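This briefing is meant for someone meeting the structure for the first time. Please keep the sequence and the model side by side while reading the points below.

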Amino acid sequence: MASRIDSDRRAHQKLSEHLSRHGLKQTRQREAILDAFLAVKGHVTSEELYDAVRVQNPAVGAATVYRAIKLFCEAGLARAHHFRDGVTLYEREGHHHDHLICQGCGAIVEFEREAIEEEQLKVAAQHGYVLKQHRHILYGLCPRCQKKG
């Protein structure tokens, strides 16, 4: 539990430093939105985050949540993904992982495979590249959607 609390504390500190560097104000609304974002497990749309924020802070507007999540991405706290249908999903920035996406129901599975990471480095080196980042997304049908036919 202490690691989650420490991680959340570091996220708040990182946001504070980012705001300070860019001459932006620290507001209670941004703090509340960050708290709601940090409580989310997995991926979330800005609309879902807005709904979560409104439970505790009904006065916060949708535009405020949308601007805040963009700010979290700029600060390195969140990462935006565009997996399907033009819907942007956000997740907490942190450890690297890849994704399996079901094209039937939209289910998302996060996974890690060292062999894939090693092979990507080999391919990059063969072509004279030094990898800085990558996204590995596999699309298919989950077992439930396969059964539907």
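Three salt bridges are found in a search of the whole structure, which is a predicted model. Side chains of opposite charge can pair when their charged atoms come close. The points below take these pairs one by one, and then turn to the cysteines, to one glutamine and to the chain as a whole.

**Salt bridges**

- D6 pairs with R9, and the closest N and O atoms of this salt bridge are 3.2 Å apart; both residues belong to helix α1 (residues 2-21), where they are three residues apart, about one turn of the helix.
- D6 counts as partly exposed, with a relative accessibility of 33%, whereas R9 counts as exposed at 54%, because the cut-off for exposed is over 50%.
- D8 forms a salt bridge with R92, with 3.0 Å between the closest N and O atoms; since D8 lies in helix α1 and R92 in strand β2 (residues 87-92), the pair ties together parts that are 84 residues apart in sequence.
- R92 itself is partly exposed, its relative accessible area being 25%.
- R79 and E93 meet through their side chains in a salt bridge of 3.1 Å, N to O, and this pair links distant parts of the chain, with R79 in strand β1 (residues 78-84) and E93, 14 residues apart from it, in the loop between β2 and β3 (98-102).
- R79, at 25% relative accessibility, counts as partly exposed, and E93, at 29%, also counts as partly exposed.

**Cysteines**

- C105 is partly exposed at 34% relative accessibility, and C73 is partly exposed with a relative accessible area of 25%.

**Surroundings of Q29**

- Q29 is placed in helix α2 (residues 28-39) and counts as partly exposed, at 35% relative accessibility.
- Leaving aside residues up to four places away in sequence, Q29 touches A59, V60 and T64, while its C-alpha atom is separated by 8.9 Å from that of A68, 39 residues apart along the chain.

**The chain as a whole**

- The secondary structure comes to six helices and five strands, which follow the pattern α-α-α-α-β-β-β-β-α-β-α along the sequence.
- Of the 149 residues in the chain, 30% are buried, and the accessible surface comes to about 10,000 Å², with 52% of it belonging to carbon and sulfur atoms.
- The mean positions of the 22 positive and 19 negative charges are 4 Å apart.

Definitions and conventions
Residues numbered from 1 in each chain as written. Predicted model: local features only at pLDDT ≥ 70, side-chain atom pairs only at ≥ 80, totals over all residues. Heavy atoms only, no water. Helix = DSSP H or I, 4+ residues; strand = E, 2+ residues; numbered from the N terminus. Buried < 20%, exposed > 50% of the residue type's maximum accessible area, 1.4 Å probe, protein only. Areas by Shrake-Rupley, 256 points an atom, 1.4 Å probe, with all protein chains shown as cover. Lys, Arg positive; Asp, Glu negative; His and termini not counted. Charge placed at Lys NZ, Arg CZ, Asp CG, Glu CD. Contact = heavy atoms within 4.5 Å. Salt bridge = Lys/Arg side-chain N within 4 Å of Asp/Glu carboxyl O.
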